[in-house]
Amino acid sequence: MRNSRPQLLDILFDDATAAGQSPLRVVQQRAAALLKLNRAVKGLLPTPMQPWCRVGNYRQGVLVLEIANASWMMRLRYEQPALLSALRAQILPSLSSIDIRINPSLMVKTENLSQDNEKTGGSKGPLPPVRQISKQSADELRLLASRSPEKLRKALERLAEMAGEGAKTTSRNK
């Protein structure tokens with residue numbers, strides 16, 4: 001049975017516990033081993049798959065890989081036999097199987113990183129075109145706004161301003 005009772009901080013930080021290692025040192029060593037394993041696994045994966053996959057855990061001969069979504073999971077399943085044999089040969093001879101689980105938070109993190117790259121100019125791809133509406137569409141929106149309730153009228157006028165002209169009939173400050 002695992003001891004999950006609260007412990008004093010003095011015990012956690014004490015290096016001279018009964019086993020010779022503090023609980024925090026054990027956690028730190030485990031985290032460092034998983035990070036090293038994660039780098040090795042990413043090095044064996046195809047380049048497009050690397051940002052969408054990470055090592056979740058390694059316990060009792062089973063490597064748990066987390067993947068962003070079901071489509072990447074299917075791609076990883078095709079790579080699984082080669083990955084298993086490469087990991088057995090290079091790093092983990094005791095590896096018996098690979099368990100793949102979907103972790104949607106990987107998708108969110110990767111999308112946020114790509115959006116940050118686009119904002120800072122890190123992306124080398126073309127920028128999306130600026131969307132504008134035609135002058136005729138803006139005139140139609142203004143005509144519709146003149147017959148609409150106040151809240152809708154303001155929204156339609158703001159939309160009509162996308163044509164490059166300000167709203168002619170009313171001011172936004174009213």
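The axes of helix α5 (residues 135-146) and helix α6 (residues 150-160) come within 9 Å and cross at roughly 165°. Here axes are lines fitted to C-alpha atoms, for helices over the stretch in contact, and angles run from 0 to 180 degrees between N-to-C directions. The contact, meaning heavy atoms within 4.5 Å, involves Ala 138, Leu 141, Arg 142, Leu 144 and Ala 145 of α5, together with Arg 153, Leu 156, Glu 157, Leu 159 and Ala 160 of α6.

This is a predicted model, in which local features need pLDDT of at least 70 and side-chain atom pairs count only at pLDDT 80 or more, while totals for chains, interfaces and linings use all residues. Residues are numbered from 1 along each chain as its sequence is written, and side-chain values use heavy atoms, with hydrogens and water left out.

**The chain as a whole**

The secondary structure comprises 6 helices and 3 strands, arranged along the sequence as α-α-β-β-α-β-α-α-α. Helices (H or I, at least four residues) and strands (E, at least two) are DSSP runs, numbered from the N terminus. Of the 174 residues in the chain, 26% are buried; buried means under 20% relative accessible area, exposed over 50%, and partly exposed in between, with a 1.4 Å probe and protein chains only. Among contacts with a separation of 6 or more, 50% join residues 24 or more positions apart.

The expected span of a helix is 1.5 Å times one less than its number of residues. For α2 (residues 23-44), with 22 residues, this gives 32 Å, and its end C-alpha atoms are 32 Å apart, in agreement. The buried residues of α2 are Leu 34, Leu 37, Asn 38 and Val 41. Viewed down the axis of α2, these buried residues fall within an arc of 110°, so they line one face of the helix; the arc is that of the directions from the helix axis to the C-beta atoms. Their cover includes β1 (53-59), β2 (62-67) and α3 (70-90). On the face turned away from the buried side, α2 carries the exposed residues Gln 28, Leu 35, Lys 36, Arg 39 and Gly 43.

Helix α5 has 12 residues and reaches 17 Å from its first C-alpha to its last, close to the 16 Å expected. Its buried residues are Ala 138, Leu 141, Arg 142 and Ala 145. They cover an arc of only 100° around the axis, which puts them on the same side of α5. These buried residues of α5 pack against α6. In general, an α-helix has 3.6 residues a turn, so residues three or four places apart point the same way.

| Residue | Relative accessible area | State |
|---|---|---|
| Asn 38 | 16% | buried |
| Gln 80 | 18% | buried |
| Gln 60 | 76% | exposed |

Asn 38 lies in helix α2. Its C-alpha atom is separated by 6.1 Å from that of Arg 54, 16 residues apart along the chain. Not counting residues up to four places away in sequence, Asn 38 touches Arg 54 and Val 55. Gln 80 belongs to helix α3 and, with that same exclusion of residues up to four places away, touches Ile 98 and Ile 100. Gln 60 is found in the loop between β1 and β2; although not a glycine, Gln 60 has a positive phi of about 55°.
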